[in-house]
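This report concerns the fold, packing and local geometry of one protein chain. The sequence and the structure are shown first.

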Amino acid sequence: MKLKKRLRKMVKYGPWGYRFWRELMRRPYERAFPTPAVAEDLLAAFPAAAELRANFDAFRAEALAVATGRDLPANHEIMPEQTTFYEHDRIPWKMVALRAYSYDYRANLAQMPLMADFLRRNPRVVSATVSVFPGGKHLRPHRGPWKGVWRYHLAYLVEDLGEGRTSAELQIDGNTHYLRTGDDLLWDDTYMHAAINRAETPRIVLLLDVLREHPWWLGWISGTVLHVARIAQGVRGMDRRAAVAR
């Protein structure tokens, strides 16, 4: 039994697997970015959020027009590596993918010209998704793979559950955060976190990954990561999997 467990661990965490490289990549970033789980000054870390706040109604209306009333692709259908998040409760997490690691999903962006223009002017936003998180969905506790970015949430459609609770519930590093419609949050998804929608209706939020200001010695690593990710997505045809029918 001990030998079997050891062999399983070798297969799971060996240098041929994703987990090995994920853990190896964590180390220099944790040294460079010893930041708290939630950004203390959101606008200092992500100044462009001021534009999203100031034009919230327009961005929200555009997103909801695409994200509601359609059969959207699920997260695990776009990225098979995310299948474990589906298997946890068998509730599909739907989304409108717009950009991932600086690779643009042009067909989807064409349906959201305001956001397309925002992303064109803000290349530090390396990933962008309108997340449609269904009622009853529970994203199990996990850690993100790459500390080179901040994760930004902007709540577009959230149900108030009373007593300060909402359907946009985030558990980050042992603390629970509830977002109301119009609230935003900038945080580090390499800390242990989970998401829960305790309502019966979907909650819809804008998810962005915002590239941090890098020290010189780490910038070339992140540039390589983004370059490889762009090529991989094109080769795998992920934009076709993510396409939202008009």
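## Overall composition

The structure is a predicted model. Its protein chain has secondary structure amounting to 11 helices and 12 strands. Of the 246 residues in the chain, 46% count as buried. Among contacts with a separation of 6 or more, 79% are between residues 24 or more positions apart.

## Packing of helices α5 and α9

Two packed helices are described by the angle between their axes and the distance between the axes. For helix α5 (residues 56-67) and helix α9 (residues 113-121), the angle is about 115° and the axes are 8 Å apart. Helix α5 contributes Ala-58, Phe-59 and Glu-62 to this contact, while α9 contributes Pro-113, Leu-114, Met-115 and Phe-118. By class, the residues of the contact of α5 with α9 comprise 6 nonpolar, no polar and 1 charged.

## Aromatic pairs

The model contains 8 aromatic pairs. One of them is formed by Phe-59 and Phe-118, whose ring centres are 6.0 Å apart; the planes stand at 75°, over the 60 degrees required, so the pair is edge-to-face. This pair links distant parts of the chain, since Phe-59 belongs to helix α5 and Phe-118 to helix α9, 59 residues apart. Phe-59 has a relative accessible area of 4% and is therefore buried. Phe-118 is likewise buried, because its relative accessible area is 0%.

Tyr-103 and Tyr-105 also form an edge-to-face aromatic pair, with 5.7 Å from centre to centre and 70° between the planes. Both of these tyrosines, Tyr-103 and Tyr-105, are buried. The two pairs are set out below.

| Aromatic pair | Centre-to-centre distance | Angle between planes |
|---|---|---|
| Phe-59 and Phe-118 | 6.0 Å | 75° |
| Tyr-103 and Tyr-105 | 5.7 Å | 70° |

Val-130 lies in strand β3 (residues 125-133). Its relative accessibility is 0%, under the 20% limit, so Val-130 counts as buried. Leaving aside residues up to four places away in sequence, Val-130 touches Ala-63, Ala-67, Lys-94, Met-95, Val-96, Leu-98, Met-112, Ile-204, Val-205 and Leu-206. Val-205, one of these partners, is 75 residues from Val-130 in sequence, yet the C-alpha to C-alpha distance between Val-130 and Val-205 is 5.9 Å.

Gln-111 occupies the loop between α8 (106-109) and α9. With 12% relative accessibility, again under the 20% limit, Gln-111 counts as buried. Apart from residues up to four places away in sequence, the residues that Gln-111 touches are Glu-62, Val-66, Arg-70, Val-244 and Arg-246. Glu-62, one of these, is also among the α5 residues in the contact with α9.

## Positive phi angles

Tyr-101, although not a glycine, has a positive phi of about 50°. This tyrosine, Tyr-101, is placed in the loop between β1 (94-100) and β2 (103-104). Its relative accessible area of 26% makes Tyr-101 partly exposed.

Glu-163 is not a glycine either, and its phi is positive at about 55°. The loop that holds Glu-163 runs between β6 (160-162) and β7 (165-166). Is Glu-163 buried or exposed? Its relative accessible area is 82%, over the 50% limit, so Glu-163 is exposed.

How many cavities of 30 Å³ or more does a search of the whole structure find? The search finds 1. The largest cavity holds about 40 Å³ of space. Its lining consists of Asn-75, His-76, Gln-82, Phe-85, Tyr-86, Ile-91, Pro-92, Trp-93 and Lys-137. The elements that give two or more residues to this lining are α6 (75-78) and α7 (83-87). By class, the lining of the largest cavity has 5 nonpolar, 3 polar and 1 charged residues.

Definitions and conventions: Residues are numbered from 1 along each chain as its sequence is written. This is a predicted model: local features need pLDDT of at least 70, side-chain atom pairs count only at pLDDT 80 or more; totals for chains, interfaces and linings use all residues. Side-chain values use heavy atoms; hydrogens and water are left out. On a 1 Å grid over the protein atoms alone, a cavity is a set of points where a 1.4 Å probe fits but cannot get out, and a pocket is an open set with protein on both sides within 12 Å along at least five of seven lines; lining residues have an atom within 4 Å of a point. Grid points are joined across faces, edges and corners, and a volume is the space filled by probe spheres set on the points. Helices (H or I, at least four residues) and strands (E, at least two) are DSSP runs, numbered from the N terminus. Ala, Val, Leu, Ile, Met, Phe, Trp, Tyr, Cys and Pro count as nonpolar, Asp, Glu, Lys and Arg as charged, and the others, Gly among them, as polar. Buried means under 20% relative accessible area, exposed over 50%, partly exposed in between (1.4 Å probe, protein chains only). Axes are lines fitted to C-alpha atoms, for helices over the stretch in contact, and angles run from 0 to 180 degrees between N-to-C directions. Contact means heavy atoms within 4.5 Å. Rings of Phe, Tyr and Trp (its six-membered ring) pair if their centres lie within 6.5 Å; planes under 30 degrees apart count as stacked, over 60 as edge-to-face and the rest as tilted.
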